[in-house]
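Please open the model in your viewer and keep the selection panel at hand.

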Amino acid sequence: MMKIFTTQLMGKFKLIQDNHEMVIEDISRLFAQTINGGGTVYFYGEHELQGAALEAVYGAEKLPSCSILHDPSALTEKDCVILFTRFNDDQGAADRVSRFKETGAAVVGVSATRKDASHALEENVHFHINTGLTDGLVPNDDGERVGYPSLLTSLYVYHALYLTTREILEEHGYEF
């Protein structure tokens, strides 16, 4: 099972890289502009994906001017929010995005896109990254798919954004 899980997980990472390389670069430019413009990059995670927000703000590799979003009313047009949630049809997350956008802040969404579901989240954000993780990665003996590493794929997205944003900031003379 571990070999299947690892192979499938690496496949998800590769799909994110291949399908979203340009979007990651665009989001990283947005983050760099936010940081250089005196704004804050806020992180918000739904449920277990709070772990991605915690890593971004308190981990060993964090961007400057970043914070966990606690009070959406504090957002301004200088700020940016990245919201992590399991699926693109999460109506609660889509409603939060609408409230975030009312402040003038740019909003990025990270979630898995289910084909036959509402695209409420991705239709409402400025940028969206599809993790591609709609089911567990490993089939068991009963045909059920288990091993759903939503936090791992979200962390992969964060680190891709971190590395790209850091590179952009360093090119413009920002010192870490």
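**A tour of the helix packing and the cores**

Begin by selecting H2 and H4, whose crossing is right-handed, a term that applies if the near helix is turned clockwise from the far one by less than a right angle, anticlockwise being left-handed. The model is a predicted one, in which local features need pLDDT of at least 70 and side-chain atom pairs count only at pLDDT 80 or more, while totals for chains, interfaces and linings use all residues. Residues are numbered from 1 along each chain as its sequence is written, and side-chain values use heavy atoms, with hydrogens and water left out. Helices (H or I, at least four residues) and strands (E, at least two) are DSSP runs numbered from the N terminus.

**H2 against H4**

With both helices still selected, note that H2 and H4 pack at an angle of about 30 degrees with their axes 9 Å apart; the axes are lines fitted to C-alpha atoms, for helices over the stretch in contact, and angles run from 0 to 180 degrees between N-to-C directions. H2 and H4 are therefore roughly parallel to each other, given that angles under 35 degrees count as roughly parallel, over 145 as roughly antiparallel, 65 to 115 as roughly perpendicular and the rest as oblique. To see the contact (heavy atoms within 4.5 Å), select Gly51, Ala52, Glu55 and Ala56 of H2 together with Leu151, Ser154, Leu155, Tyr158 and His159 of H4.

**The largest nonpolar core**

Now select Phe31, Phe43, Ile82, Phe84, Ile129 and Leu161, which have the most contacts inside the largest nonpolar core, a set of 32 residues. Such a core is made of buried Ala, Val, Leu, Ile, Met, Phe, Trp, Tyr and Cys residues joined through side-chain atoms within 4.5 Å, where buried means under 20% relative accessible area, exposed over 50% and partly exposed in between (1.4 Å probe, protein chains only). Among the elements that give two or more residues to this core are H1, helix H2 (50-58), strand E3 (80-87) and H4. Which element gives the most to this core? H4 does, with eight residues.

Centre the view on Phe31, which, not counting residues up to four places away in sequence, touches Val41, Leu63, Cys80, Ile82, Leu161 and Thr165. Apart from this core lies another, of 12 residues, among them Leu75, Ala93, Val97 and Ala105.

Move to Thr165, which is placed in helix H4 and counts as buried at 0% relative accessibility. Leaving aside neighbours within four places in sequence, Thr165 is in contact with Ser28, Phe31, Ala32, Ile35 and Leu63.

Then select Pro64 in the loop between H2 and E2; Pro64 is buried, with a relative accessible area of 17%. Pro64 touches Ile35, Leu169, Tyr174 and Phe176, again not counting residues up to four places away in sequence.

Finish at Met1, in the segment before H1. Is Met1 buried or exposed? At 60% relative accessibility, Met1 counts as exposed, and, residues up to four places away in sequence not being counted, Met1 touches Val138, Pro139, Asn140 and Val146.
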